[in-house]
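Below is a short report on one protein model.

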Amino acid sequence: MRSLNNVMIITRREQGIAAALKEGNRITELHVEQEKAFRVGDIFIGKIQSIVKNINAAFVDFGCGVNGYLALDKQESFLYTRQARRGLPTCGDEILVQIAKEAVKTKLPVLEGHVNLSGRYAVLIMGEKGLAFSRKIHDDLFQKEIRQQLQEKGWLSSEYALLLRTNSYEEERETVLSEIRCLIERYEKIRKTAPYRTCFSCMERSTTPFWN
């Protein structure tokens, strides 16, 4: 029978979770479980490997041992960290991408060039602009008041769009605004630091659920 002094230690280390059993002053068991190298919502700096004009798409290496598929729609608002020709994607360009869909059988992971920062009550979409509300929010006064408050705070920008989710309508206004402020701070951090990070860097791991 093991001593009551036995301690189980669980910790996250790099891309895995380690669990160790400590008996007295000795580690007697150690288990390490590797996590996936990436998951939906993760944000990376990728490198364009090839461009296929007839499908208007690029294949991007984002550093996890597999290329991803990136549609080049609205490419003028993508965020490049290294770009050979302004306005035109070129092989070798380094670009901010987000995992939109995991690989399925023979299909590559799908990447998104308009990075979404998702919260419980709102979503910030880089490269878009404007303020939108869930179709289930029909209260014009609520929409007008939110828009006015965001304008007063200077939180509406031509660099990103904000989308208010359905559950923002029933939440305390200050709670919703506080989350929007946090989303903007996350955006500013990524935008300012990405140009100084090396290619294949993970700029942010997905920790927030994709709420309905």
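Is Glu159 buried, partly exposed or exposed? Glu159 has a relative accessible area of 38%, so it counts as partly exposed. Here buried means under 20% relative accessible area, exposed means over 50%, and partly exposed is in between (1.4 Å probe, protein chains only).

## Basis of the model

This is a predicted model: local features need pLDDT of at least 70, side-chain atom pairs count only at pLDDT 80 or more, and totals for chains, interfaces and linings use all residues. Residues are numbered from 1 along each chain as its sequence is written, and side-chain values use heavy atoms, with hydrogens and water left out.

## The chain as a whole

The protein chain holds 2 helices and 14 strands. Both kinds of element are DSSP runs numbered from the N terminus: helices are H or I with at least four residues, strands are E with at least two. The chain has 212 residues, and 35% of them are buried.

Contact means heavy atoms within 4.5 Å. Take the contacts between residues at least 6 apart in sequence: 58% of these join residues at least 24 apart. The accessible surface comes to about 13400 Å², and carbon and sulfur atoms own 50% of that. Accessible areas come from the Shrake-Rupley method with a 1.4 Å probe; for residues, only the protein chains shown count as cover.

Strand β11 covers residues 122-126. Of its 5 residues, 4 are buried, so the strand is largely enclosed by the rest of the structure.

β11 pairs with strand β10 (residues 116-118) in the antiparallel sense, over 3 bridges. Two strands pair if DSSP finds at least two bridges between them. β10 and β11 form a hairpin, with 3 residues between them. Asn116 stands opposite Ile125 of β11. β11 also pairs with strand β13 (residues 160-164), again antiparallel, over 5 bridges. There, Met126 has Tyr160 of β13 as its bridge partner.

## Glu179: buried, without a salt bridge

Glu179 sits in helix α2 (residues 173-193). Glu179 is buried yet makes no salt bridge. A salt bridge is a side-chain nitrogen of Lys or Arg within 4 Å of a carboxyl oxygen of Asp or Glu. The nearest side chain of opposite charge is Arg165, 6.1 Å away. Lys and Arg count as positive, Asp and Glu as negative; His and the chain ends are not counted.

What does the side chain of Glu179 reach at 2.8 Å? It reaches the backbone nitrogen of Arg120. Leaving aside residues up to four places away in sequence, Glu179 touches Gly119, Arg120, Tyr121 and Ala122.

## Salt bridges

The structure holds 6 salt bridges. One of them joins Arg205 and Asp42, with the closest N and O atoms 3.0 Å apart. Arg205 lies in the segment after β14 (202-204), and Asp42 in the loop between β3 (26-34) and β4 (43-52), so the pair ties together parts 163 residues apart in sequence. Arg205 is partly exposed at 29% relative accessibility. Asp42 is buried, with a relative accessible area of 1%.

Arg191 and Glu159 also meet through their side chains in a salt bridge (3.8 Å, N to O). Arg191 lies in helix α2 and Glu159 in the loop between α1 (140-153) and β13, so the pair links parts 32 residues apart in sequence. Arg191 counts as partly exposed, at 29% relative accessibility.

Glu185 and Arg181 form another salt bridge, with the closest N and O atoms 3.2 Å apart. Both lie in helix α2, 4 residues apart, about one turn of the helix. Glu185 is partly exposed at 44% relative accessibility. Arg181 is partly exposed as well, with a relative accessible area of 34%. Salt bridges that share partners join Glu159, Glu188 and Arg191 into one network.

## Val110 in strand β9

Val110 is found in strand β9 (residues 110-112). Val110 is partly exposed, with a relative accessible area of 27%. Val110 and Tyr69 are 41 residues apart in sequence, but 4.9 Å apart in space, C-alpha to C-alpha. Not counting residues up to four places away in sequence, Val110 touches Tyr69, Gln98, Ile99, Ala100 and Lys101.

Notes
Polar contact = N/O pair within 3.5 Å; in protein donor to acceptor, adjacent residues only side chain to side chain.
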